[in-house]
Amino acid sequence: MNNTSPQNSKYHLVVLFCLVVLVSACGNSNSTCSDASPKTARGPYLQNISSTSIVIKWRSEQQTISRVRYGSSPNALVAVQEDQSIDVDHEVGLGNLVPDTRYYYAVNDTAETVFSFRTPPVEGTARPSRVWIVGDSGTADKNAKNVRDAFVDFNGSNATDLLLMLGDNAYDSGADCEYQRAFFDMYPATIAATPVMPTIGNHDAREDGGAPYFNIFNLPIDGNTGGVPSGTEAYYSFNYANIHFVSLDSETSNRSPSGAMYSWLMADLAANTQDWTVVYFHHPPYSKGTHDSDQPGTAMADMREYYTPVFEMYGVDLVFSGHSHNYERSFPILGHRGTSATFLESMKTDTGNGRKDGDGEYTKPYNSVNQGIVYTVAGSSGKTRSAPLNHPVHYLSMSKLGSVVLDFDGDQLNVTFVSPDPAAIDYYSIVKTI
Amino acid sequence: MKAIKILTLTLLLLPVLPAGPALAHASLDELIEYTTGLLSGKPDNPGTLLDRARLQLKQGNNALALSDIEAAERSSDAVDVAYVRGLYFLAEKQRQQAIDAFGKYLGRYPGYTPAILNRAKTYATLGKTELSIRDYQYLLSVSKVHSPDYYLELAQLESTLEPCGIHMALKSLDRGMENLGLLVSLQAAAIEFELERKAYRMALARHETLKPWLGNTPQWKARQKELIGRTSQFADEPD
């Protein structure tokens with residue numbers, strides 16, 4: 001293939017863009033962010049967690065076998081799981097783990113460093129669980145770092161059980177080298193201790209249709225971690241404690257009601273018996289941020305017109321998206337399919353702010369359908385830009401860097417926007433009632 | 001089922017339709033600006049010209065994209081430029097020209113799956129079902145990653161063929177489930193095809209396979225009751 005083919009021209013662009021972005025963003029980098037560069041060590045990072053199993057992945061600088069030593073005490077990593085094949089990219093699955101237990105582990109390249117993770121309880125069992133959500137975080141720059149540090153300060157010494165990524169996880173094309181900077185180098189401590197469950201954004205799909213994304217992440221496709229098998233890593237679901245999570249693909253998969261994702265979602269949500277249901281995907285159904293969901297024929301419009309009825313029909317509690325580089329958080333709403341001009345006040349199922357110290361928490365019965373859903377656009381974990389921010393479904397809209405933290409505790413969910421800017425505040429709660 | 005098929009054929013086209021000019025995308029703007037900067041130093045670089053052409057197409061700036069494509073053709077060769085030219089033709093709704101361009105590109109790079117998929121969908125739009133089916137089958141033979149949608153879209157096309165279309169469609173769906181595992185999305189479509197050919201017992205048998213995941217849902221139970229009713233009411237027609 002000569003160097004004018006689209007693939008090569010794209011590669012050329014990615015390499016050059018990486019160079020410019022990384023040198024300007026990182027300042028101290030002499031990396032060329034090229035697939036021709038020597039691979040940089042990365043990880044370990046956690047994938048595909050269930051109450052009895054987990055996948056640990058990492059990349060070593062030299063080709064080696066894959067070995068994980070682990071145990072329930074940091075001083076006694078007595079169990080060993082290994083794969084004798086020689087490679088720089090490593091993937092080891094651990095099974096027969098005990099639910100709701102902290103495990104300590106070391107991988108062969110970092111034998112002196114002991115990491116830890118906690119298995120979830122048996123599916124359906126309520127346990128206080130913290131979920132961190134970042135959206136459009138892939139800038140690999142000071143903004144992303146500030147958002148990360150704000151979360152670290154907020155989190156303190158608490159455990160974080162899951163990290164959800166809302167897409168555009170590595171700008172500009174989702175190339176492997178971009179993931180190195182924007183993901184592996186940005187969140188090393190978090191991803192060694194907290195399983196990461198992403199969704200694919202438009203930028204992640206630019207590099208070879210998302211091939212690096214699908215190589216980096218091992219996502220549940222067979223229903224082994226709860227949910228109905230999707231058969232593809234592009235969209236999937238899983239259970240964690242008493243929460244059902246659904247990651248949809250609003251970028252690369254057929255979004256139409258006749259597509260595979262739609263029929264799978266209907267079945268998956270119909271079979272879901274967990275107390276809480278959280279759905280996330282990249283393109284927001286309701287946004288007047290840096291992207292306008294009123295534009296017809298877009299992924300945003302498709303997700304609103306085709307998918308929000310399904311969310312309502314099956315009792316979804318929260319929907320998160322990115323794409324717009326702003327923070328927009330809705331009232332609990334129901335039945336809005338059209339453009340923003342067609343939104344009616346009567347579509348709000350609660351007109352308050354959802355705060356215990358304000359208008360009161362939002363409430364909804366357990367296992368109920370056709371109740372209000374709170375939609376959040378949280379695509380400001382790497383950059384923000386001014387925008388109209390006047391979509392009427394939203395209680396609050398702002399161009400502020402930040403991320404979102406979900407704290408589940410039995411029948412209560414507390415949601416907090418965590419920003420490096422102390423003036424950028426949002427929080428609310430949902431309480432499930434019998 | 002027919003309505004679903006029509007809807008599918010229409011919606012399959014969405015990814016290949018041009019974005020409207022109003023779809024301003026800030027990041028695309030930045031990239032266009034960036035590639036323009038690169039071209040100021042090397043205005044004839046065909047790779048960068050094609051990069052910018054693709055970005056312009058995404059922005060809905062078809063005329064600007066064409067200008068870059070023609071410039072790339074002058075400094076490269078027409079075959080290497082053909083894929084992006086095909087995207088331009090699609091954006092202009094010149095579908096036969098798009099098919100020709102994708103074909104030209106695939107002549108040199110036969111494993112380039114975006115070109116195969118785009119050509120398959122364009123054939124389907126033009127009603128050239130057999131050619132579209134051939135491309136989907138080819139896509140499945142060369143693609144490293146199989147999406148359930150590939151099998152579903154192939155089956156929906158095959159089902160329209162006479163006289164054995166539904167049989168072919170079922171075989172494709174079963175092949176998908178052999179490769180990807182038992183999937184609700186594919187099995188649900190297979191159940192509809194079984195019903196269409198009045199193979200009620202087969203429909204019921206396929207429905208039963210979904211019991212481990214869906215057996216407790218009211219929807220699954222209601223469908224089972226309906227299928228049992230049909231099975232006892234009608235004898236299956238021979239395949």
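Student: How do helix α3 and helix α4 of chain B pack?
Tutor: Helix α3 (residues 46–59) of chain B and helix α4 (residues 62–75) of chain B pack at an angle of about 160°, and their axes are 8 Å apart. Helices (H or I, at least four residues) and strands (E, at least two) are DSSP runs, numbered from the N terminus. Axes are lines fitted to C-alpha atoms, for helices over the stretch in contact, and angles run from 0 to 180 degrees between N-to-C directions. That angle makes α3(B) roughly antiparallel to α4(B). Angles under 35 degrees count as roughly parallel, over 145 as roughly antiparallel, 65 to 115 as roughly perpendicular and the rest as oblique.

Student: Which residues of α3(B) and α4(B) make the contact?
Tutor: From α3(B), they include B:Leu49, B:Leu50, B:Ala53 and B:Leu57. From α4(B), they include B:Leu64, B:Ala65, B:Ile69 and B:Ala72. Contact means heavy atoms within 4.5 Å.

Student: How many nonpolar, polar and charged residues are in that contact of α3(B) with α4(B)?
Tutor: It has 10 nonpolar, three polar and two charged residues. Ala, Val, Leu, Ile, Met, Phe, Trp, Tyr, Cys and Pro count as nonpolar, Asp, Glu, Lys and Arg as charged, and the others, Gly among them, as polar.

Student: Before we go on, what kind of model is this, and what gets counted?
Tutor: This is a predicted model: local features need pLDDT of at least 70, side-chain atom pairs count only at pLDDT 80 or more, and totals for chains, interfaces and linings use all residues. Residues are numbered from 1 along each chain as its sequence is written, chains are lettered from A and ligands numbered from 1 in the order in which they are written, and side-chain values use heavy atoms, with hydrogens and water left out.

Student: Back to chain B. How do α9 and α11 cross?
Tutor: Helix α9 (residues 148–158) of chain B and helix α11 (residues 184–196) of chain B cross at roughly 15°, with axes that come within 10 Å. That makes α9(B) roughly parallel to α11(B).

Student: Which residues meet there, in α9(B) and α11(B)?
Tutor: B:Tyr151 and B:Leu152 are among those in α9(B), and B:Leu186 and B:Phe193 are among those in α11(B). By class, this contact has seven nonpolar, two polar and no charged residues.

Student: Now the sheets in chain A. What's the order with β8 in it?
Tutor: It runs β8-β7-β6-β17-β18-β19-β14 (chain A), an open sheet of seven strands with mixed pairing. Two strands pair if DSSP finds at least two bridges between them. The edge strands are β8 (196–198) and β14 (362–365) of chain A, each pairing on one side only. On average, neighbouring strands are turned by 20° against each other, direction ignored.

Student: How many bridges join β6 to β17 of chain A?
Tutor: Five, and the two strands run antiparallel. In that pairing, A:Ser129 stands opposite A:Phe408 in β17(A).

Student: And what's the order of the sheet with β9 in it?
Tutor: β9-β10-β11-β12-β15-β13-β16 (chain A), also seven strands, open and mixed. Its edge strands are β9 (236–240) and β16 (394–398) of chain A. The twist averages 15° from one strand to the next. Four bridges join β13 (residues 327–333) of chain A to β16(A), and these strands run antiparallel.

Student: Which strands does helix α6 of chain A lie across?
Tutor: Helix α6 (residues 260–271) of chain A lies across β9, β10 (243–247) and β11 (276–280) of chain A, running at about 175° to β10(A).

Student: New topic. How many salt bridges are there over all chains?
Tutor: A search of the whole structure finds 34. A salt bridge is a side-chain nitrogen of Lys or Arg within 4 Å of a carboxyl oxygen of Asp or Glu. One pair is A:Arg127 with A:Asp100, at 2.5 Å, N to O. The pair links distant parts of the chain, 27 residues apart.

Student: Where's a cis peptide bond?
Tutor: One joins A:Gly43 and A:Pro44, with omega about 10°. A:Pro44 is in strand β1 (residues 42–47) of chain A. Another runs from A:Tyr171 to A:Asp172, with omega near 5°.

Student: What about phi at A:Asn48?
Tutor: A:Asn48 has a positive phi of about 50°, although it is not a glycine. Most residues other than glycine have a negative phi.
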